[in-house]
Each structure stands twice: as C-alpha cells, then as structure tokens.
Amino acid sequence: MSLSPVEGAALAEIESSDQEPDEKKRLVGRSPGQLVWARLRRDRTAMVSGVVLALFILAAMAAPLIQRLYGVSPNQQFGDLLDATGMPLGYVGGVSGDHWFGLEPGLGRDIFIRMIYGIRTSLLIALGAALVTTTIGVVLGIVAGFLGGVVDSVISWITDVALALPFLIFALAVVPTFSLRFYGPRDAVPTWFAVTTLIVVFAAFGWTGTARLVRGQVVSLREREFVEAARASGAGLGHMLFRQLLPNIWAPILVAFSLAVPSYVTGEAALSFLGVGLPESVPSFGRMIYRSIDYLQTDPAYVFFPGITIFALVLAFNLFGDALRDALDPKSSR
C-alpha cells in the first residue's frame with residue numbers, strides 16, 4: 001500500500017527516532033501535527049518568538065480594554081504638557097507614570113496607546129492580506145499544477161505579468177486613485193475603506209509566490225501512486241485537488257503564510273511612511289516614524305519606541321517562520 005507524503009513523513013520520523021523503546025511506543029500513532037508541535041517545543045527560538053507573537057496578538061485584540069485601563073485614547077491630545085515650541089515637558093519625550101512612552105511633539109498624543117492600536121492595525125492588514133493572497137495562490141497553483149497544458153500556461157503567464165509590475169509604483173498610483181474615486185479630496189476616508197484598499201493592493205501582487213510554490217509541489221505529486229489510485233476510483237476534480245493533493249502540501253503553504261505576514265507589516269508601514277497608506281488619524285507605525293524624522297535630535301524617544309516595536313514584531317514573525325519551516329521538514333535534524 002502506497003503512502004502519501006504526509007503519512008510517509010510521520011512514519012519516517014517514528015522509525016528514525018533514537019529514543020528508548022518505551023518512548024518509541026509513546027510516539028507510535030502521532031499525527032504529523034503532533035510531531036511538528038514536539039519539534040517546536042524543543043526549539044528555543046521557536047518558543048521565544050512564539051511567546052512574543054502571542055503577546056503582540058493579545059495586545060492587538062485587547063486594545064480597547066488596554067485603552068480603558070490606561071485611561072487615554074489614541075487621538076487624545078495633551079497640549080498642556082507641551083512647551084511653547086511643541087516639545088513634551090519632562091525627560092525622554094515626556095515619559096511619566098501617566099504616559100509610559102511619552103508624548104508626540106506638536107500634537108501631544110500618547111505614544112504608548114497609539115502604538116497599541118498601531119499593532120492592531122498592522123496585524124489586521126497583514127493577516128487579512130496574507131489570508132487573501134494565500135487562498136488565491138493555493139487555488140491557482142494547485143489548478144495549474146494538476147491540470148497542466150493550456151490552463152498551466154495561462155496561469156503562469158498571468159503570474160509572470162504580476163511579477164513584472166513594480167509594486168511600489170503601482171501602490172503609489174492606485175491607493176490615492178481609489179480614495180479619490182469614491183471620496184472627494186477634502187472628504188475623510190473611512191478607516192475600513194483604507195484598510196480594504198491596502199489589502200486589495202497587497203493581494204494583487206502577493207499571491208504569485210504562493211502560486212508558484214504550490215504549482216511546483218503539485219507537479220511533483222500528481223503522478224504519485226495515491227493520486228493514480230484516487231483517479232482510478234473515479235474521484236472528481238474537486239476531490240483530487242482539495243482532498244488528495246492539498247492535505248499533502250499544507251506544510252509549505254503554512255510556511256509561506258507565516259513569512260508573508262511580516263512582509264505585509266513592513267509594506268503597510270512603508271506605504272504609510274510615504275503618505276499613501278492609512279489616514280493620519282489612524283495609528284500606524286509608518287506614519288509615526290515619518291513624523292518622528294523631524295525630531296531625531298530633539299526627541300529620539302519618539303522614533304525609538306515605534307521603531308523598536310515594529311522591529312521586534314517583524315523579527316519574531318521571521319524567526320517563528322524559519323523555525324516552523326525546520327519543524328515541518330521531515331529531514332530536519334532539529
């Protein structure tokens with residue numbers, strides 16, 4: 001009886017174990033997911049980065065509760081705590097027990113609570129874009145790889161065209177155009193519209209890498225014995241694609257998803273930095289860093305706190321993605 005790649009990876013993990021006989025007995029019957037979890041628990045980098053990501057996600061989900069406990073809203077201004085030149089009073093940009101990370105020069109908004117909502121905004125856009133691009137890439141890649149022929153050629157041509165388009169120039173042109181198409185130059189653009197526009201722009205370019213990855217995996221699997229057996233039993237196209245092939249390529253898809261999220265976090269920050277992302281009233285790391293450029297010498301804390309936070313968020317995602325890739329590799333020595 002032939003085994004699918006997922007079943008073969010789980011069997012190889014069990015057979016190659018150097019543990020004692022009693023532990024081998026306990027490993028028998030583990031699913032591939034349980035084996036991956038066991039590998040992740042043995043990886044300190046994976047655990048530390050996973051805890052950091054969990055804290056970021058928890059802070060993003062609990063942003064309204066944090067605001068209520070903190071007692072400050074993200075757009076609340078404290079002009080009485082600024083001097084005549086607009087600089088925060090006190091040390092390190094106005095850091096105090098009431099304002100943990102200080103105040104923004106000029107407007108006097110609290111940096112800490114804006115960073116909490118900035119994390120929420122970045123993760124919402126990044127996770128939404130990653131879900132959309134992964135779905136599109138998986139569907140197109142699995143169809144192209146399994147059907148081949150004209151379908152594969154057309155999808156590959158569309159992928160090449162999408163890769164040839166410069167993302168930054170396209171985003172700089174499309175995002176303001178979308179806003180002006182539905183809203184006037186003096187109208188306030190709703191937050192939901194700006195977020196949706198960014199997700200659409202990311203989705204227009206981000207699916208290509210996943211599609212190519214999935215296509216390559218499907219091409220290597222479509223002639224395997226378990227696929228031939230399903231085809232001989234009369235399985236339909238949908239069953240072949242999503243019941244036979246998809247469960248055997250979930251590992252690279254999951255890794256691609258985990259590595260796509262930090263790229264969208266930095267992409268959103270870059271567009272906001274250039275002034276074509278979210279409205280100014282919406283907390284965003286890119287816009288905060290852009291406004292802090294004029295205060296690098298007089299108030300370095302203003303750029304330090306947002307900069308170190310987005311650095312930690314992206315680094316944690318990348319480290320966890322690398323650890324996940326090692327854990328999903330059945331030939332990994334970890």
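The largest cavity in this predicted model holds about 30 Å³ of space. Under the rule applied, the count comes to 1 cavity of 30 Å³ or more. The lining of the largest cavity is made up of E104, R109, R114, E280, S284, R287, M288, R291 and Y302. Helix α13, residues 285–292, gives the most to this lining, contributing 3 residues.

Helix α7 spans residues 149–164 and has 16 residues. From its first C-alpha to its last, α7 reaches 23 Å, close to the 22 Å expected at 1.5 Å a residue. Its buried residues are D152, I155, T159 and A162. These residues lie on the same side of α7, because they cover an arc of only 90° around the axis. Among the elements covering the buried residues of α7 are α6 (111–147) and α9 (191–221). On the face turned away from the buried side, α7 carries the exposed residues G149, V150, W157 and A164.

The UniProt record, an unreviewed entry, places the feature "transmembrane region" at residues 46–66, 123–148, 154–176, 188–207, 249–279 and 300–320. Two of these annotated spans are described here in terms of the model. Residues 123–148 are 96% helix and 0% strand, and the end C-alpha atoms of this span lie 36 Å apart. For residues 188–207 the chain is 85% helix and 0% strand, with the end C-alpha atoms 31 Å apart.

Methods:
Residues numbered from 1 in each chain as written. Predicted model: local features only at pLDDT ≥ 70, side-chain atom pairs only at ≥ 80, totals over all residues. Heavy atoms only, no water. Helix = DSSP H or I, 4+ residues; strand = E, 2+ residues; numbered from the N terminus. Expected span 1.5 Å × (residues − 1). Buried < 20%, exposed > 50% of the residue type's maximum accessible area, 1.4 Å probe, protein only. Arc of directions from axis to C-beta. Contact = heavy atoms within 4.5 Å. UniProt positions renumbered as here; feature names shortened; annotations may be inferred. 1 Å grid on protein atoms, 1.4 Å probe; cavity = no way out; pocket = protein on both sides within 12 Å on 5 of 7 lines; lining within 4 Å. Points joined across faces, edges and corners; volume = space filled by probe spheres on them.
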